[in-house]
Every structure is written in structure tokens, then in C-alpha cells.
Amino acid sequence: MAEFVRLDSSTSRHTMDKSITLPPDEIFRNLENAKRFAIDIGGSLTKLAYYSTVQHKVAKVRSFDKATKEAASDKLYEISVQEEVTARLHFIKFENAYIETCLDFIKDHLVNTETKVIKATGGGAHKFKELIERKLGLKVDKEDEMTCLIKGCNFVLRNIPHEAFVYAKHADSEFRFQTTQPDIFPYLLVNIGSGVSIVKVESEDKFERIGGSSIGGGTFWGLGALLTKTKRFDELLQLASKGQHTSVDMLVKDIYGGSYGSLGLTGDLIASSFGKSATADKEFSKEDMAKSLLHMISNDIGQLACLYAKLHNLSRVYFGGFFIRGHPVTMHTITYSINFFTKGEVQALFLRHEGYLGAIGAFLKGAEEDNPNQYSWGENYAGSSGLMSVSPDMNPMQRARSGTFPFDMLEMDRLERQLVNLPLLQDPSSYIPDTMDLTEDALAREYWLYCFEEALDGVVKRAVASQPDMPEAAERAEKFRQKYRHKLQTLRHQPFAYGSLTVRSLLDTREHCLNEFNFPDPYSKIKQNENDIALKYYQKAVKSLEELSWEERQFALVRGVLAGNVFDWGAKAVSDVLESDPEFGFEQAKRQLEERPWLVDSYDQWLERLRGPPHKCALFFVDNSGVDIILGVIPFVRELLSRGTEVVLASNSGPALNDVTNGELQILTERIAAMDPVIQAGLREDRLTLVQSGSSSPCLDLSRLDKVLAQVVRERQTDLVIIEGMGRAIHTNYYAMLSCESLKMAVIKNSWLADRLGGKLFSVVFKYEVPAGKPSQGSAAVTPS
């Protein structure tokens, strides 16, 4: 966010210094490529939405043509950095006081827009219609406010994980984010603007306003202004946050001397809002009156919402509107009210981006011919402000960057592939990808933030080295360093900014920032080199495995996967070794592994299962390039194929650290097939399939996978899922429950995490799980040759 505000003491209002130029790279990003606009103008805030095309660099790999390949070159493939154009949605929120200056800025920077219309919604759309048309030269086309609100709500619930949260004021983590539901319908939306509208939403296009009230945010603002002479809404909430409502409200104990047990009423309950003001002969403070007023209106809205939720049998109730505005004091009073009236059966849910719902909906209405809902979208952490606390207890620097900011941004990137749940999740509605929530674990949070900050110099060095022919790479890398460090500092103070803070979100934020400054694949040359070296040892590794007895071979195959997984440039303990000792190889990695029994050891159960009938199809989520995929995973896959099991190899769609991408894996598998008849037959007979996962992360979210992969999983009747690596099987999915057998394999390459799990550096996790109620397929009487 950016501050461009002076406080005019003579008028006690914010004014914009028009001598300051708004930097487009910070606020109205990529405005020169804007194609379509929408605007939502409320009573105090304007939300602008626009669609742009973003040009950025992507790393591509291409197999060398053997006929033209120079004899001196022994590289497996070539790497090229190409320009690619993708779609991005931008949402910017600012106070209405700045609308004219912002419109001037937009007009001056519009270059390639093709649209002649701007979609508009909100109560202020009519008021500012003439100004918008005159400034931008676009025709204002007004859209129904409620329709836009619902469309926007559906969009964020479907596309942004951890969009909804429960607010718990006195908990270790005040924000408790909810997992994305596979089916977001039905739900109740309580929109608190000047009044209250209560809407039942049953599907994308079916909703009904089932009730409402004239007592809403406007009532709080209006009565508050009369009582306190305070005209600004945010200042009124600040007063309320400092007040004591018990000075003004009459409580149950004020009437009965204590609780009213026979009716189940505790003494601290409000019996009459403002009840004491009728009899007490004293002046009441502005703070106390504002707090009493806030409680009165919140309790009224909460009870109304509960009654409608029960009447329509709805358990999901979302609250939005300018009355919420992310203010803790408002969210707390509504939460308390809902909990009281439903006895905890219904939770009050709030939305991280509730302020953008109308603008998002208006944009979607204007883009219906492009059918944006056919795509999946993802939040771009590099360009989004994130959720900020507006607690009055924050220091001034934090508060300046919170709810009273002049500008707030959200960016959504259109993803190349539509993302869906893995069909084999036992219960998609309760699936939580991440093993550790750093939002709630302060000790873990501080450790991992420190780790990522310490690793920053190495990432910058690697980024520059990946582009030796680009002299400006060092300058871009320095900008990346500054942006990512700023994100880490923000997350240290506001760990809930982008939802639940996890190791996955820290990694993904880093990848987003690298891409922002055109470093699409900093580890491309390392991967290329490691793949070339590992391929030379493949035949020797397979030959040595074939010389073993069946039982010895099974153990050697597992040790091979685990040893290969050591080669992870994302782990500092490993990258330090690989930097200092380029000769560190497969056999040395095997010697690093702990001896059995491992930290988590289900190997005996796995071996027993292998004595039984083969699995029909195994889905294998792979991890690193080089030794990991070539000398660890492929021999393991080879054995499964030999048993008669079909195999689907799922690899990243885009680069992340030294993880193998689908493009690289296609080339590697083709080369291996040329020297291994088992792999060649698997590909030829369609028993070995390579599919993109839909992810560009070192971790794995099984609720956001490529739709094509989900279809393959169903069609092949997959009955075994194998997840490899610390990011995919430890940081995420360690507790994931599947409806089929699963195998999670990883080496712990972080001392702190190993200690947390009760192990040590290079401890092994080998976790074989069978769903409850499923009979074991193993048989000690069957011993394969």
C-alpha cells in the first residue's frame, strides 16, 4: 500500500496532495494494458476493478534435435526464456475523497483499452456518473447492486483459499481461516450497509432477499454522530473500541442483583441498551456511548441473522458491507451475538475481501462473454495488500497501513488450468493441506520467518546466476529482495494477511515475487546439469537393483527414493553441502539416511502389502529433478509397472526451486525409455502416464489440482497415492486422509523441524496408510520372485 495523504488540520479531513504523482507500479499496476473496467462506489469508499494482460517471462525446455545437435554438446535439452501473456484482475480500494485525482491518473495512463463502457454499481454510481464519463470518456452502465454482490461473493469463495474466517478476539490467533468448501452453496449473506439485507444464496444465479432491517451501519453512523459529534465512521469505531458499554447499558445484574438463573441469563448480559442513561444523573463519555450503540446494533443484526439462518436451515452465514470493514471491535460484537443466540450452532463468518465483492461482481457482469467462471484464478501475493488489522492497540506505523489506508489492492491471476479436488480425498470439506499453522504457533512462525529472511541472499544470488546474459538481472534481483523482505516484515506483524500463514504460503509468496521480477526459474541450469549427470548412472543403478533378491530389491528401491529426496536445493542443510561439495552423490546421500527403525516407519506393512496382489493404478506426486527423479523415483515406478500396476506421474506445471516440471519430465522419460524397455513398454502401452499437477509450488494442495489429472485418476481407478518430499508430504498432506491406500515418503532436511517431530537431521518418514475399514491386501503366503 502507499500513503499519499496530508491531514488538513483546519478542516479535519484528508486531502490529496495533487503535486504527488501516483506511481503506477505500486497502485494502478499495468494500467497501460487495461482492457475492461468496473467500479463500485459506496458511501465512503470506491472500489475500482480492471482486467489487464500481463507480459512476463517463462522458462521453457526443449529436447535437442538429435540430427542437428552438435557433437560437442552433451546436454539433454535446451532452456529458453520466452515472453508469455496472461490475464490479471486488479482491484483497488480508496476513499471517495480521492476519486477525481484517481480518475485523472487513470485517464493519463490509459493506452490500449478497447472498451467503451465501464460497469458501475453501488449507491454512489449515480452520484459520480457524470464525473466518470467526463474524465474517462467511457459510458457508465449501471448494474444491480445485489446481483454484483452475490457474484463477487461466489467468486472469492470459489477461487481464494482461506477467504472466509471466524474472528476470535481473545484466542492466540484472532483470525481462524476456514477451508475452501467443494460446494459453496447454500449460504446466507448478511450485507450490512446503511441498512441490512439478508440474502439466501442457493446457486450461482439463484438468490433471494429473504429479509432485512433499517437498523444497520447508517443507524450506527447517524446516531453515533448525534451522540458524540463525531462525523467520520472510522473515528466512531475507534471511540467504540475504547469505551465501556456497562457504564451506559443496564445489565441483568443491575436489575436482579445477579444472574436470572431460571431463565438462563447471566448477570453480565445486557438487559437494556442505554438503560442507565435514563436514570443516572451524570454525563457519559463519547467512548462509552459509541460502544453501547455498537453493541445494540450488532446484537440486533446478530439475532436477526440467527433467526433467518434457523428458519432456512443454513449453517453458513457470511457478514459483509461497509459496517464490517475488517474492524475487530465490529467483528467481535457480531460474533458474540451469533454465538449467544445460536448457542454456538452457527458461526459468524467474515471475508478477507468483502470490500471488493461489488466491484468483482460488476466486473464479472461486464465480462460474461469471456465466461471468466470457466477458469480458476489465484491471488497474486506479490501485488496484493492482504488483510490488515485495524486494532487500536497497534502502533501508529502499523495503523497507517491498515483500515484507514487510502489505497488497498487485490490482484488475481488467471490460471492456465482449471483446478479441482483430488477425487480420492476422504472428506474434501475437512481437508487441510498444511501440517502447521504459523498464524497460531508463534514460536514456529518466528523460526520460519527468520529462515526465509536468512535464505534471501542465496535466492538473490541464484536468480542472478540463472540469467548471466542479462546485465539488468542484478537490479531486478535487488527489487525482488526488497519486495519479499517487505512481505516477510508485514507477515511478522500481520501473520493473517493472506489467510493462514504456513510454510507453503511463504514459499508461494517467494515464487510470486520472483515471477514479478522476471525470474521464472532460478534453478533451471542446476536442474539441467543434475539431470544430465544422473542419466549417466541410470542403467548402472537399474542393473544393480536387478541383481538383488525380491525382498532386498524392495528395500533398496525405498532407500533409493529417500536418498534421491535428499537432493533438495530448498533445504539449507542440503544446499550448503551441494554448494561446497559438487561431488556429493547418490551413495553419499544413502549413507546420510538414518538406520531403521525410522522416525515414522511403516515399511514392514508396506512390504507385506507388496506380497499381495498388485495395485490397479498408482498416482505418484514427484519432487526434485536429477538424482531424485532419475535414480530414485523412476526405478521405483519401474518396479510397480513390472508388478502390473499402471502409474500416473504427476509433476509441477511450472517451476519451483529444483522441482522437476512436467516439461522436463517428458524429456527425461523419453530419454530413459530409449535405454530401458520396461519404461518404453509402459509408455507405449499407456500404462505409464505423465500429467501436470496444476501446481507451481514446492508444496501440494490436493484441493487445487489440474482437472485433467482428476479425470485420469477416476478413469484409471487409482487405488494408491504416493507423495514424496518434505514440501508435499511433511509441510503439507502429512495428515491428509485419502479414500485409498497412500504412501508418504520424505527425509527431514531441517534440524528445527526434525526436532519438532522428535527426530534429527535426515530422519526418515515412511508412512503407509490404509483407509479405516479397508481390508489388508497383503499375504505372507505369496512371495514374488
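These are my notebook entries on one chain and a sheet inside it.

**Entry 1: the whole chain**
I started by noting that this is a predicted model. I then looked up the secondary structure, and the chain comes to 26 helices and 27 strands. Next I checked burial: of the 785 residues, 58% count as buried.

**Entry 2**
Which order do the strands of the open sheet follow? I read it off as β9-β8-β16-β15-β10-β11-β12, which makes 7 strands with mixed pairing. The edge strands are β9 (175-177) and β12 (207-213), and each of them pairs on one side only. From one strand to the next, I found that the twist averages 35 degrees.

**Entry 3: the β9 end**
I zoomed in on β8, residues 164-167, which pairs with β9 in the antiparallel sense over 3 bridges. In that pair I found Val-166 standing opposite Arg-176 in β9.

**Entry 4: helices across the strands**
Which strands does helix α3 lie across? I traced α3 (residues 145-159) across β8, β10 (187-192), β11 (196-201), β12, β15 (316-320) and β16 (347-351). Helix α3 runs at about 125 degrees to β10.

Then I followed helix α8, residues 328-342, which lies across β8, β9, β10, β15 and β16. Its angle to β16 is about 155 degrees.

Note on methods. Residues are numbered from 1 along each chain as its sequence is written. This is a predicted model: local features need pLDDT of at least 70, side-chain atom pairs count only at pLDDT 80 or more; totals for chains, interfaces and linings use all residues. Side-chain values use heavy atoms; hydrogens and water are left out. Two strands pair if DSSP finds at least two bridges between them. Helices (H or I, at least four residues) and strands (E, at least two) are DSSP runs, numbered from the N terminus. Axes are lines fitted to C-alpha atoms, for helices over the stretch in contact, and angles run from 0 to 180 degrees between N-to-C directions. Contact means heavy atoms within 4.5 Å. Buried means under 20% relative accessible area, exposed over 50%, partly exposed in between (1.4 Å probe, protein chains only).
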